[in-house]
Each structure stands twice: as C-alpha cells, then as structure tokens.
Amino acid sequence: ETPWAHVEAVVRDSFGGVPFAIDVAASESNRKAPRHYGIADNGLSSAWLDGAWCNPPYENQGEWLARAVYWARQGVHSACLVLASTSAKYWRPCCFEAGTVDYYEGRIAFTDPTTGKPRPGFDRASALVLLGPRFTPRQTRYRDAVSGELVSEIHQPALFT
C-alpha cells in the first residue's frame, strides 16, 4: 500500500491541495480517495474522475498508463505511481512524452497491510507520472522516497535540433 504521506505530498504540491476524487486501482482497505474501483469495477474500462490516483498492478502497468493518457486527453488529471520502467516500450509515449515524471530518490517503503507499518526493502525504483492538461510533458522532478516530498525544481531537457 502507498504510504499516506506520499499521497498527501502529491495532493499539496501537484493538485493544489484538493484530495483525489477516485482511486482507480484499489481495494476498500487501501484506497486513497473516497471513491475507488476494485477488481470487479475494472478501472481500465470505467470512467475516471478528475483527480484520479492510480497505483496499478505492476504486471500490466503499461495498460494502466495508456488508459491514464486517454483520460488526460479528455481533461482528467491523474497521478500514477508506477515502477520506473524506463526501458519499457510504453515508457516514452505514456510517461515522458505525455506528462511530468517525478522520480524517487531511494526506495519507497510501502505500508504493510497487516501491521500498517512501513515495509522497507522494496528493490525497484518508482516514479510518479502526472498526467492531464496542467502537467507539462517531458518535465522531470525528484521526490524523497521516505517523505514523498519534492526535492528538486522542474527540469525540462534542452531540445536538440
């Protein structure tokens, strides 16, 4: 489960303090918004509300990111916490070219659903992909993996001709 501190940091710095309206890939026990789509609701085929949180299953995160890009084109803003799979074929079109990407310095200690305490030792890099009209494609930032807070300003790489 995503630590609440991370979600709250994203709400503050990227969503103007407005809490997420829906968690599109959650269960009742780990949702990060008042409304959520569980397995039976299928967030991949259901309508997303503006202000969507998405921490999708890792085995098909490319499908979830493609769906988030679709909804971004409809004006929906979303935050997708995913593996930083920069070599995956979907990464460039669905992440880097579609929205602002926040990389985490360090590894996130996700919350153990049984104990409610951080479970350190996650061995893969994470990224937060921010999609929707207010976010600028090809911009990258960095977040602290412990607090979820931004630790750098927006960086937009120079364009080469």
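Modeller: Let's start with a definition: a disulfide is a pair of cysteine sulfur atoms within 2.5 Å. Keep in mind that this is a predicted model.

Colleague: Thanks! How far is the sulfur of Cys 80 from the closest cysteine sulfur?

Modeller: The closest one belongs to Cys 54, and the gap is 4.5 Å, so the two are too far apart for a bond. Cys 80 also counts as buried, at 1% relative accessibility.

Colleague: And what about Cys 95, is that residue buried or exposed?

Modeller: Cys 95 is buried, with a relative accessible area of 0%. Its sulfur lies 6.2 Å from that of Cys 94, the closest cysteine sulfur, which is too far for a bond. By the 2.5 Å rule, the count of disulfides is zero.

Colleague: Now a helix. How many residues does H2 have, and what span does it reach?

Modeller: Helix H2 covers residues 61-73, which is 13 residues, and reaches 18 Å from first C-alpha to last, close to the 18 Å expected. After H2 comes Gly 75, with a positive phi near 100°.

Colleague: Which residues of H2 are buried, and what covers them?

Modeller: Among them are Trp 64, Leu 65, Ala 68 and Trp 71. The cover includes strands E3 and E4, helix H3 and strand E8.

Colleague: Let me look at E4, then. Where is Ser 78 placed, and what is it in contact with beyond its sequence neighbours?

Modeller: Ser 78 sits in strand E4, residues 78-83, and is buried, with a relative accessible area of 1%. Leaving aside neighbours within four places in sequence, its contacts include Phe 15, Trp 48, Ala 68 and Leu 130. Ala 68 is one of the buried residues of H2.

Conventions: Residues are numbered from 1 along each chain as its sequence is written. This is a predicted model: local features need pLDDT of at least 70, side-chain atom pairs count only at pLDDT 80 or more; totals for chains, interfaces and linings use all residues. Side-chain values use heavy atoms; hydrogens and water are left out. Helices (H or I, at least four residues) and strands (E, at least two) are DSSP runs, numbered from the N terminus. Buried means under 20% relative accessible area, exposed over 50%, partly exposed in between (1.4 Å probe, protein chains only). Contact means heavy atoms within 4.5 Å. The expected span of a helix is 1.5 Å times one less than its number of residues.
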